[in-house]
Amino acid sequence: MQNLQNLISQLESKISQFETTNHAVSGGSVGWHIEHSLKTIDQIVTACKISNPSDYQWHFNFKRFLILIVAKKIPRGKARAPKIVRPEGDINQETLAASLSKARENLIGWKNLNKNANFPHPFFGILNKKETENFLVLHTKHHLMIINDILKKN
């Protein structure tokens, strides 16, 4: 989980530029991508914490295999974020700092979760703890790349 912690710190370093946009790169601002990433981490970790590890059963999923194992990259513009992890309302430095704190706090205890703690991903099926961690790292890197491209173009 250390890799995810480092990525969260990178998100934190971009908060001061939360208003920056570049519609040639993304419809969302830097703040939108930060908030979405933090909200995703928080929601997924919460889902894993309340999951029943005995319910987990591995099944082959081609999309999961292709993206998480082979490509190790999420393609841009191919999927839309589920409503539950889409930022709503005003995004500012205070709301981003609160989301950052909430995500970090929720990650406390992650290493103590059962290896079969899980959450149902809409495209990849049910992910266990290790797969979830891999997804969260990949997803956060994906949005950091978009943020960096937004900032690069300005």
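Author: Buried here means under 20% relative accessible area, exposed means over 50%, and partly exposed is in between (1.4 Å probe, protein chains only). This is a predicted model, where local features need pLDDT of at least 70, side-chain atom pairs count only at pLDDT 80 or more, and totals for chains, interfaces and linings use all residues. Residues are numbered from 1 along each chain as its sequence is written, and side-chain values use heavy atoms, with hydrogens and water left out.

Reader: OK, which residues are buried in helix 1?
Author: Leu4, Leu7, Ile8 and Leu11. Helices are DSSP runs of H or I, at least four residues, numbered from the N terminus.

Reader: What covers them?
Author: The cover includes helix 2 (30–50), helix 4 (93–107) and helix 5 (129–152).

Reader: Switching topic, what does Leu4 touch?
Author: Beyond its neighbours within four places in sequence, Leu4 is in contact (heavy atoms within 4.5 Å) with Ile41, Leu107, Leu136, Val137 and Thr140.

Reader: How many residues are in the largest nonpolar core?
Author: That core has 35 residues, and Leu4, Ile8 and Phe135 are among those with the most contacts inside it. Helix 5 gives the most to this core, nine residues. By nonpolar core I mean buried Ala, Val, Leu, Ile, Met, Phe, Trp, Tyr and Cys residues joined through side-chain atoms within 4.5 Å.

Key:
Helix = DSSP H or I, 4+ residues; strand = E, 2+ residues; numbered from the N terminus.
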